[in-house]
Amino acid sequence: MYFIRRILFAIPLLLVISALAFTLVHLAPGGPFDSERKPASPIVEQNIKAKYHLDEPVWKQYGRYLGDLLHGDFGASLKYQNHSINDIIAQGLPVSMLLGGLAFCIAIGVGIPLGFLAAVRRGGWQDYGGSFAALLAVCVPSFVIAPFLILIFAMKLKWLPVGLWITPWHMVLPSITLGAYFIGKVARILREGMLEAAQSEFVTAARAKGLGETALLLKHALRIALLPVVSYSGPMLADLLTGSFVVENIFQIPGIGVFLVNSSLNLDYTVVVSLSLLYAILLIGLNLAVDFAYTLMDPRVKYE
Amino acid sequence: MSELQHLSPGQRAWRRFQKNRPAMLSAWYLVLLLAVIVGWPLLLKICGGDFARMHGPDELSDAQFAPPSFQHWFGTDLHGRDLFSRVISGAQISLIVGIFGAAVSLVIGVSWGAIAGYAGGRLDATLMRIVDILYSLPTIVFVIVIVTTFGEMLKQSEIVRHSAAAGGVLRIALLFVGLGAVSWLTMARIIRGQVLSLRSRAFVEASRTLGAGTPRILLRHIIPNIFGVAITYTALTLPAIILYESFLSFLALGVQPPMASWGTLIAEGVSQINPIRIYWWLIVFPGAVLVATLLALNFLGDGLRDAWDVKGK
């Protein structure tokens, strides 16, 4: 029931967001054609504008845009003449999703063991080393990690390609770059969760009943400590998608992040609005999915 | 312990902070960085002559891509400019955007949270629902949209057409307002929680019984008590905003040339990556200073949090 209400609530929200983005981009003076050569005559310019309905009032353009959206059509790009926005999304989204998915696996696969180890060996060198590594991963931005990985693994050792997105080998460096921050984040969250779980009463009770330390940590403490990681994974997936701009830019990967940044620079407003809307839809969906998974994992949580 | 008892909460927090080695070290690093940022341009001005011509952040020279040496500690870039000076002037811009952006988020977050927590009821529910909604939206995308649209408006406006310097300043203002405007959500949640619990405490009730009005309660009792929390979360917001700024500048959406920030410097370094010659200093030095600053700010924020004993997210 709660989830149905939230899904229904998302519709007016998306309307408001798209209207906001549409007006904002429309308020900006200068259009996508300003950087081009002046057309031969004002009539030609008129015709170009008429083709894209730029001569109509803003509300009418927005209405037209919404109507097209309902038909599953994001409209045409003003800059890339031969592509519709649907083409751009169809090309770019799978690439960005794959990149984000790989980085997600790396973040979970490395972050959880790291945080677990740090918590289990609390106060030991594993804890200090692991915690510092996690903090470092959080503080080193992707555009600093990427050039180092490229210089070492692509330029010096020549093990991996410098850029592009063709074979699985091309995916290694970008995924690591994108995942690094989240390794640190996941490790820190899990460590905190483990330390908190270790102090809780059910762990003491289990220990009092004579349960071995390994089973205690893995079966009881870890299960509770994973919950904050699950609730973080919604925002994390969102950040992985929107955080891939830099990585796509450096490694020249044809994802939607590159399109958003370029369209922003080109004032290609239909693309900017459509892609922000797409991001909003994805994020709202992801958050819903995560909250749903949370209720499945933790029976104590009930949404009214 | 008995010695601690007659100290104010602020003094006790300061004692705890001093015992935190990484936080103190970070504080000293930041003081040093600030000193260099202020002192280096002054030194250039005082010495003048050849020294300034060699080291000025905007002075071109024939020494392109000189590796680090006694003369150019961090080497030089594509146009023969001294990289050390460029990193220092980049630090200036990045820190300005960070500090003002954090201030914007502090003002919005504290007022939003305080109003929600103090008013309670339906207003509280509405305000916090808005925070929840904003939490689930792609903030960086919005910053990109805001910076692009308003940036273009600024570019076409009268003031900027008359002077390029005003354009640069306005661009920076736009950046920190935009970044601050999306970074206040956690602050609002924390402050609301604090105000909510303070509101029902005995000393506030007592004050109200004695006839104190809302403004007096807010100013005398609520605000002083959330001061530590607000400062702590501002300190933790600062590195996040600096990171966002460098991220946008790296993508050429933030600070525009000829101004430099850490993000644009690293972007210049990345654009020079080629298989023939490796100009590592173009990336290593701006990157190292950026990472060191972010680490220091994080240690500082964590130290403040422990010192004030702030619980919560």
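A residue counts as buried here if 20 or more other C-beta atoms lie within 10 Å of its own. The legends below describe close-up views of a predicted model.

**Figure 1. Chain A is built from helices, with 0 strands.** Chain A contains 12 helices. Read along the sequence, its pattern is α-α-α-α-α-α-α-α-α-α-α-α. Chain A has 304 residues, and 37% of them count as buried. Among contacts in chain A with a separation of 6 or more, 73% join residues 24 or more positions apart.

Figure 2. The mean pLDDT of chain A is 79. A value of 70 or more is reached by 90% of its residues.

**Figure 3. Helix H3 of chain A spans residues 58-70.** This helix has 13 residues. From first C-alpha to last, H3(A) reaches 19 Å. That is close to the 18 Å expected at 1.5 Å a residue. After H3(A) comes A:Gly72, whose phi is positive, near 75°.

**Figure 4. Helices H6 and H7 of chain A pack at an angle of about 145°.** H6(A) covers residues 142-156, and H7(A) covers residues 168-198. Their axes are 9 Å apart. The crossing of H6(A) and H7(A) is right-handed. H6(A) brings A:Ser142, A:Ile145, A:Ala146, A:Leu149, A:Ile150 and A:Phe153 to the contact. H7(A) brings A:Leu173, A:Ile176, A:Thr177, A:Leu178, A:Ala180 and A:Tyr181. An α-helix has 3.6 residues a turn, so residues three or four places apart point the same way. By class, the residues of the contact of H6(A) with H7(A) are 10 nonpolar, 2 polar and no charged.

**Figure 5. Chain B meets chain A through 35 residues of its own.** These residues of chain B are in contact with 36 residues of chain A. Four helices of chain B each supply at least two residues of the side that touches chain A: H6 (139-156), H11 (214-250), H12 (262-271) and H13 (281-308). H6(B) gives the most, with 10 residues. On the side of chain B that touches chain A, 26 residues are nonpolar, 8 are polar and 1 is charged.

Methods: Residues numbered from 1 in each chain as written. Chains lettered and ligands numbered in written order. Predicted model: local features only at pLDDT ≥ 70, side-chain atom pairs only at ≥ 80, totals over all residues. Expected span 1.5 Å × (residues − 1). Contact = placed C-beta atoms within 7 Å. Nonpolar A, V, L, I, M, F, W, Y, C, P; charged D, E, K, R; others polar. pLDDT = per-residue confidence, 0-100. Axes fitted to C-alpha atoms, helices over the stretch in contact; angles between N-to-C directions. Left-handed = near helix turned anticlockwise from the far one by under 90°. Buried ≥ 20, exposed ≤ 12 C-beta atoms within 10 Å, placed from the backbone.
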